[in-house]
Amino acid sequence: MVSPSSPKRCEGGTGLHLPATPALSMMPRGLLAALLLLLLLPAPAQPAPLDRPEPKKDAVPPSPPETPDTGLYYHRYLQEVIQVLETDGHFREKLQAANAEDIKSGKLSRELDFVSHHIRTKLDELKRQEVSRLRMLLKAKMDAAQEPEVQVDHLSLLKQFEHLDPQNQHTFEARDLELLIQTATRDLAQYDAAHHEEFKRYEMLKEHERRRYLDSLGEEQRLAEERRLEEQKQRHRQHPRLNVPGSQAQLKEVWEETDGLDPTEFNPKTFFRLHDTNSDGVLDEQELEALFTKELEKVYDPKNEDDDMREMEEERLRMREHVMKTVDTNQDRLVTLEEFLLATQRKEFEEAAPKGWETLEEHPAYTEEELRRFEAELAAREAELAAQAQRLSQESKALDHSQGLLEAQKKELQQAVLHMEQRKQQQPPDPPAPGPDGQLLFQPHPETGAQAEPAVKKEAPAPGPASPVPDSQH
């Protein structure tokens with residue numbers, strides 16, 4: 001039955017009772033664990049058995065921790081959806097009671113039927129904004145490919161984005177929530193593998209550069225440099241023995257040196273409460289990684305330029321994965337109090353490994369075969385870049401030549417125009433146009449230069465009777 005205060009929406013004939021998605025078999029416990037680890041909705045705070053100092057009345061309450069960026073390309077959309085859902089009391093209540101089966105069957109997603117109308121309206125707007133953003137990305141991709149005349153089928157292209165339903169681009173439905181949970185869980189599971197691969201390439205590039213540098217030196221210099229590098233490695237290996245992450249020895253060291261407590265009074269439950277820093281009842285990945293700082297400081301010193309901090313973070317990731325593998329029994333990337341206490345009761349927890357934790361130095365990130373393939377890939381890439389640079393250089397020379405020709409033509413045209421202007425100025429002025437009978441209508445006065453009256457042509461006298469000729473002329 002739909003609550004009157006939370007009307008069920010059916011605009012556009014879109015039904016909300018969608019079939020369950022069986023592909024959520026890898027979904028962790030609750031939406032709290034599925035959507036972004038620390039982007040999850042906070043569970044009710046668990047009371048701690050420790051006596052904590054009361055905050056002062058005038059003390060400023062601590063601000064909530066900033067949400068870490070997961071690196072997912074839809075991180076902002078995922079974060080905003082969670083924040084909106086968190087504001088709905090009905091959905092939040094169902095969320096806290098949800099288990100793995102509720103999510104696998106799609107039951108939690110169908111709870112969207114009962115959220116308030118204004119929450120659904122906000123979710124609709126978030127989805128429209130996300131679709132608009134994806135369309136802009138697709139357009140930018142097409143523009144970068146220099147194919148402006150190609151007609152873009154946005155619906156087909158949007159199908160490559162799996163965190164929303166592209167068939168319905170205007171409203172946020174139960175299917176959208178299922179896809180968002182499924183995609184985020186899968187991508188987060190693949191994040192560590194991608195990080196390891198990136199670190200492997202980083203290490204191979206370092207070794208490639210080291211070998212190339214040594215090859216560029218003379219025999220004597222090369223031997224001296226090899227000795228220096230080997231001494232540097234030996235200094236780095238001279239560190240105290242590391243405890244196995246998650247072992248009793250490692251946790252007791254944190255209990256004593258970080259928490260300042262008596263190691264003889266170590267209590268696993270109290271330890272868990274102390275390091276559940278956000279009091280949400282679980283140890284997430286960041287809270288676990290904070291436990292390894294004391295071990296990592298035995299090997300890596302940020303002030304020592306010889307120590308690679310990227311290697312330190314890779315070591316931290318290996319430690320966290322080890323603890324998750326042995327403690328996180330349901331593989332939801334979160335350690336509950338029950339899982340933690342169960343791990344402390346195992347035989348491996350008390351019996352430390354004879355050699356302690358084996359660091360990266362004893363577990364190289366790559367093999368020689370992988371390094372050879374990597375160097376071949378680099379050589380091919382360098383050859384491709386060199387060929388491309390040569391083509392660009394030739395094109396640049398051709399453009400420079402064309403530019404020179406255009407400049408020469410421009411100068412010739414300018415010279416021709418200037419020559420014509422000079423000739424025009426040197427020519428005498430045109431004489432005045434004659435009248436109809438050939439006379440000049442106006443002539444300049446020889447002294448004043450003023451226009452004179454037009455010259456009038458004298459007419460011959462009309463013939464008259466002949467005059468008598470004097471006798472003397474006969």
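## A walk through the chain

Let's start with the overall make-up: the chain folds into 17 helices and 4 strands, where helices (H or I, at least four residues) and strands (E, at least two) are DSSP runs numbered from the N terminus. Keep in mind that this is a predicted model, in which local features need pLDDT of at least 70 and side-chain atom pairs count only at pLDDT 80 or more, while totals for chains, interfaces and linings use all residues. Residues are numbered from 1 along each chain as its sequence is written, and side-chain values use heavy atoms, with hydrogens and water left out.

There are 474 residues in the chain, and 33% of them count as buried; buried means under 20% relative accessible area, exposed over 50%, and partly exposed in between (1.4 Å probe, protein chains only). The accessible surface comes to about 31,500 Å², with 54% of it belonging to carbon and sulfur atoms. That area is from the Shrake-Rupley method with a 1.4 Å probe. As for contacts (heavy atoms within 4.5 Å), take those with a separation of 6 or more: 69% of them join residues 24 or more positions apart.

Now for the inside. The largest nonpolar core has 29 residues, and Val81, Leu112 and Leu123 have the most contacts within it. A nonpolar core here is a set of buried Ala, Val, Leu, Ile, Met, Phe, Trp, Tyr and Cys residues joined through side-chain atoms within 4.5 Å. Helix 2 (75-86), helix 3 (89-97), helix 6 (117-144) and helix 8 (174-215) are the elements that give two or more residues to this core. Besides this one there's a second, separate core of 27 residues, including Leu251, Leu283, Leu291 and Tyr300.

Back to Leu112 for a moment. Leaving aside neighbours within four places in sequence, Leu112 is in contact with Leu85, Phe91, Arg120, Leu123, Phe172, Glu173, Ala174 and Leu177. Asp113 is buried, with a relative accessible area of 2%.

The axis of helix 10 (residues 248-257) comes within 11 Å of the axis of helix 11, and the two cross at roughly 65°. Axes are lines fitted to C-alpha atoms, for helices over the stretch in contact, and angles run from 0 to 180 degrees between N-to-C directions. Here Leu251, Val254 and Trp255 in helix 10 meet Thr270, Phe271, Leu274 and His275 in helix 11.

On to the other partner: helix 11 and helix 15 (residues 337-344) have axes that come within 10 Å and cross at roughly 140°. The two are therefore oblique to each other, since angles under 35 degrees count as roughly parallel, over 145 as roughly antiparallel, 65 to 115 as roughly perpendicular and the rest as oblique. Among the residues that meet there are Phe271 and Phe272 in helix 11, and Phe340 and Leu341 in helix 15.

His275 also belongs to helix 11 and, at 12% relative accessibility, counts as buried. Not counting residues up to four places away in sequence, His275 touches Val254, Asp259, Leu283, Glu287 and Leu291.

Last stop: Asp332, in the loop between helix 14 (309-327) and strand 2 (335-336). Asp332 counts as buried at 0% relative accessibility. Asp332 and Asp284 are 48 residues apart in sequence, and 9.8 Å apart in space from C-alpha to C-alpha.
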